[in-house]
Structure formats: C-alpha cells, structure tokens
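Trainee: I would like to learn how to read the strands of a sheet, and then how to look at a whole chain and its contacts. Could we go through one example slowly?

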Amino acid sequence: MDAKEIIARRVALELRDGMLVNLGIGLPTLVANYVPDEIHVAFQSENGIIGFGAPPPEGMEDPHLTDAGGGFISTLPGAMAFDSATSFALIRGGHLDMTVLGGLQVDSTGRLANWMVPGKMVPGMGGAMDLVTGAKRVIVAMQHSAKGGPKIVEALTLPPTSERRVSLIVTELAVIEPTDQGLALRERAPGVAVEDIVAMTGAKLSIPADVPEMAIAAA
Amino acid sequence: MLTAISAAEAADLIPDGASVMFGGFLAVGSPERLFDALVARGAKGLTIIGNDTARPGVGVGKLIDAGCVARVIASHIGTNPTTQQKMIAGEIEVDLVPQGTLAERIRAGGAGLGGVLTPTGVGTTVAEGKRVIDVNGVNYLLEIPLRADFALLRAHEADHFGNLTYRLTAANFNPVMAFAADCVIVEPDHIVPVGVIPPDAVRTPGVLVDRLVGRAC
C-alpha cells in the first residue's frame, strides 16, 4: 500500500453519516474511494454540485458535468447543481461539514500553507482559502515530508492559506491534532515507531504515553 | 425582444481595453464562440475577469494565447502555464482573488452593495491593503464590488426576452455576472421561442441581457 492510499483510507474514517464533504484536488479525491459501506456522505464540488459520483463510462460523459479539477463526473440520486455564489455560501456559511485538502506546510499553531511558493509556483488559491476558513472541520491529507524536508514545521515559511487552525493532519506516518498546547501525536501508522515520526517532524510534538496504531478504512 | 446577432458582430461591440467578465470554470460554461470572435477581431488590452484562465487553446485560454489580454482577475491560473509565463514576463498583470470572494464581489457589484465582509483571507497576503472590520468580535475583510464593461456568458437555453437556463456545472459564475456588467452578451446553446422556458425555470431574468448570439450556422 503506498503512502497516498494509507492517507486516504485513514481520512475516510473521519467521515460520518449525513455529512456534506468537499475533497480537494489530488490526494484528497482518493478518499471518495473508501467511504465505509454503512454511511452515506454527500460530496460537494465547488464549481457547483452536490451529489456527484464516479466518472461515467467512456461515451457517457456530459460536457456540462465536471468536477473542480475539470474531470467528467456523474450524478447520484438527489444530486443538485447551483452557481458559484451559492456554492461558496455553502462553504463559507458553515454548511459544509468537512473539507479534506492537501498541504505544503502546517505549523505548530495548526495553520496551513497550501496555495503558493513565492518565486516558484503561483497558481492561485482557487477555493482553498474559503474552504479552510469556512468548513466546520478541515482535514489536511498530505505526505509527511517532501524533498525539502519536513512539511510539519515550527513556523510557516510559506504564505498561510488562512489564520484558522486546521482540525487534523493525516500523513502516511501519523495522525496529528493541532491543539491549544501545540501539535499532539494521536496515532502512528502500522509498523511506524514514535521516534521515526519525531525524527521526520519539524515541529515539537506532544506525545502521550500510549500512541495507538492508526486504523484504516476497508479497501 | 432580442434579435440574435453573430459572434463576430458581438466581438465588434467590445473595444480594445474593455473590461470583460466571462462565465466558465475550466472552460465549462464558457462562451467559446465569443472568444474565437475576439481572437479573430484581434482584440487587445482586455481586462478579463473570471474564475480561471482554463488551458492553452481552450476557453478563455485562447485570448491569453492570442495576446488579447493585459490584465487578469481570477482565483486560479495554475492550469494555464501560458498565463503564468506571461505574468512572469510582465506581459499580463494578474490579480488573484479567493474564489468565494470573487463570486461575492461580483454579486455585490450587480446587487448595488458597497462591498462584502468576508472572513476569507484575514491573516493572509489577500488582506494586504484592505480594511479589517470587527463585527461582533469576528474579523472580516472589506472586499469591494467588482463590475465590468461587458459580461460574456454561456447559457443552455435563451428565449428572445433573454431569459436564460443553465445546465449542471456549466452555471458557475454566469448567473452572478449577468447582474454586474454594463452590457451583457449571451451565447446560448439553443434559442427557443418565448414561452418555452417555464417562468420557474428561468435562472437569469431576461431583463439583464442586452445581446444574444445566434446559432453557429
């Protein structure tokens, strides 16, 4: 199982029956593949739809039916479409139960940076700032470290996406929760030692006596 | 009653240097024939306002490729390397606006509001130069209204009163932009007789629409 699959299957356990959820582009999109059978979750795409499903078979695509990454999707029973102002009223207005987003950095206060690298990559924030500011729960789904070193750092060196503290960080090594007292290590991935997590984390972690092994959703 | 004009006639209405809102999300719900006509006319110096700049050769990306654009106001340019290259080269000025803020600034511009207060962007680079206003203990950014000389919209159906419908995710920014420009030009997939669109199904009231672009043939 690769890192992305571990992360997606752990994040899927954060889903609850009846939730409205927005998944970011890339790794977070994989979470939709592991929704536990016993619950029903509605997915929103910020370009204007709730209740979409997997890409349709070839030859059944509708050019008016795409997700926020521009890929073709399908509608599930109960689906609804709306304009961008309505879509962001849902996001900003406290109607979105959870968002799952990728991250470039998270710091010891739980602030996320995920929209630009000055001088290198300026794609624009798209809907990320509204999602992080407005969703009831913000889950960061990202690999624990990048080529340049740890992605969980004491203080952001990249511009923040919001001043809001994210709810949970899920990586292929650990589940970490930002709290008033800093970052708390909640779970470790199967076969991963606490010392390895500490070594690959650039911020101080508070570590309870017992750090349980993370469960993951069924494939 | 609106009589349909051609895309080329519509493009002739839009002078060089105009500000132009355009519907679409990664070119879904974008007025492709109006973009083609602007390229064919050789439009220059446009300020374009929309969610993104699609991809090279696709949607509004065609205006970027052809050098029609001086300034972009958008939430995302990451799918179009040409926009990024021209921004770095200083050929295009780019203002990045959070997507929800962009929608609300346009809505404010069309709804007669003096601005919107949003928590989005507080404590980020988006807040630079903007007023932060405390309302009941929560900080909000004052974001000012956005309007344009023209709005170029894509609809599914239009009737000759200009009443519009949209399909699925092709609505996106089109409905708010219909309120926020001095001249609203619509490229519908179909023009239908008045009465075919039931009143409850009208998403954009025809009173907002100034010009209809006719069928491709």
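Mentor: Strands of a sheet pair through backbone hydrogen bonds, either parallel or antiparallel. In this predicted model, strand β1 (residues 20–23) of chain A runs parallel to strand β2 (residues 42–45) of chain A, and the two are joined over 3 bridges.

Trainee: Which residue of β2(A) is the bridge partner of A:L20?

Mentor: The partner of A:L20 in that strand is A:A42. The pair belongs to an open sheet of 10 strands in chain A, with mixed pairing, whose order is β4-β3-β2-β1-β5-β8-β12-β13-β14-β15.

Trainee: Which strands stand at the edges of that sheet?

Mentor: In chain A, β4 (74–81) and β15 (205–206) have a single partner strand each, so one side of each lacks a neighbour in the sheet.

Trainee: How many helices and strands does chain A have, taken as a whole?

Mentor: Chain A has 4 helices and 15 strands. Its radius of gyration is 17 Å, close to the 17 Å that the globule rule gives for 219 residues, so chain A is as compact as a globular protein of that length. Of these 219 residues, 43% are buried.

Terms used. Residues are numbered from 1 along each chain as its sequence is written. Chains are lettered from A and ligands numbered from 1 in the order in which they are written. This is a predicted model: local features need pLDDT of at least 70, side-chain atom pairs count only at pLDDT 80 or more; totals for chains, interfaces and linings use all residues. Two strands pair if DSSP finds at least two bridges between them. The radius of gyration is taken over C-alpha atoms; the globule rule is 2.2 Å times the number of residues to the power 0.38. A residue is buried if 20 or more other C-beta atoms lie within 10 Å of its own, exposed if 12 or fewer, and partly exposed in between; C-beta atoms are placed from the backbone.
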